[in-house]
Amino acid sequence: PVNLRALHCVFEAQNGQRCRELFSKADGQLKIEGETLSSLDYNVIGYCMESASDTVRSIEIVGCQLTAEGLDMIAQKLTPMKNVKILNMRRGDFNQKEKLLALKNLLHKLPNLESLYLDQCFEDSEHSAWGDWMLLGELLKQTSHLQFLSLSWNNLGSEGMKALCAASSNFSSLTNL
């Protein structure tokens, strides 16, 4: 998979063709794990994903210190990426409304997403308001084409489960939850 260091190298050259070649050689896989991402990193990720939008197939940003502003930076750079089938945001800490809104904006740019991993992203249900869970439900409703949704190791609580159940009527293609 393509990592953050490789993205920075290509970004410095401002060469979109090299981005496409990089992702082609890596079977369209982006994997960034355990990084504390800076504004520059988010900018680099957005630029490279947009430059290679036709070759990116899988996005894994796992265990990173995500910010709402950074996710919005990525989403703003992207045109719809129709070939992305997998989004893995495990350990993304989406307990804040702003981060959920940013994730919703990012998901809007992935119209053919089939698998979404949000494991260990909602661990603090006591501090989440009903509106935040409703936002999670709305976010999931916009991904009606999902075949696989993983929410393992989350503390959704009763309010989160209600929002998930309300959204589940939209999951006609979901085969694994």
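Biologist: What are the ground rules here?
Modeller: The model is predicted, so local features need pLDDT of at least 70 and side-chain atom pairs count only at pLDDT 80 or more, while totals for chains, interfaces and linings use all residues. Residues are numbered from 1 along each chain as its sequence is written, and side-chain values use heavy atoms, leaving out hydrogens and water.

Biologist: Which residues of α1 are buried?
Modeller: In α1, residues 4–13, they are Leu4, Leu7, His8, Val10 and Phe11. Buried means under 20% relative accessible area with a 1.4 Å probe, protein chains only. Helices are DSSP runs of H or I, at least four residues; strands are runs of E, at least two; both are numbered from the N terminus.

Biologist: What do they pack against?
Modeller: α2 (16–25), β1 (29–33) and α3 (39–51). Contact there means heavy atoms within 4.5 Å.

Biologist: And what sits just after α1?
Modeller: Gln14, with a positive phi of about 50°.

Biologist: Switching to α5. How many residues does it have?
Modeller: Helix α5 has 12, residues 97–108. It reaches 17 Å from first C-alpha to last, close to the expected 16 Å. That expected span is 1.5 Å times one less than the number of residues.

Biologist: Which ones are buried in α5?
Modeller: Lys99, Leu100, Ala102, Leu103, Leu106 and Leu107.

Biologist: Where is Leu151?
Modeller: Leu151 is in the loop between β5 (148–150) and α7 (157–168).

Biologist: Buried or exposed?
Modeller: Leu151 is buried, at 13% relative accessible area. Its C-alpha is 6.6 Å from that of Tyr117, 34 residues apart along the chain.

Key:
Buried < 20%, exposed > 50% of the residue type's maximum accessible area, 1.4 Å probe, protein only.
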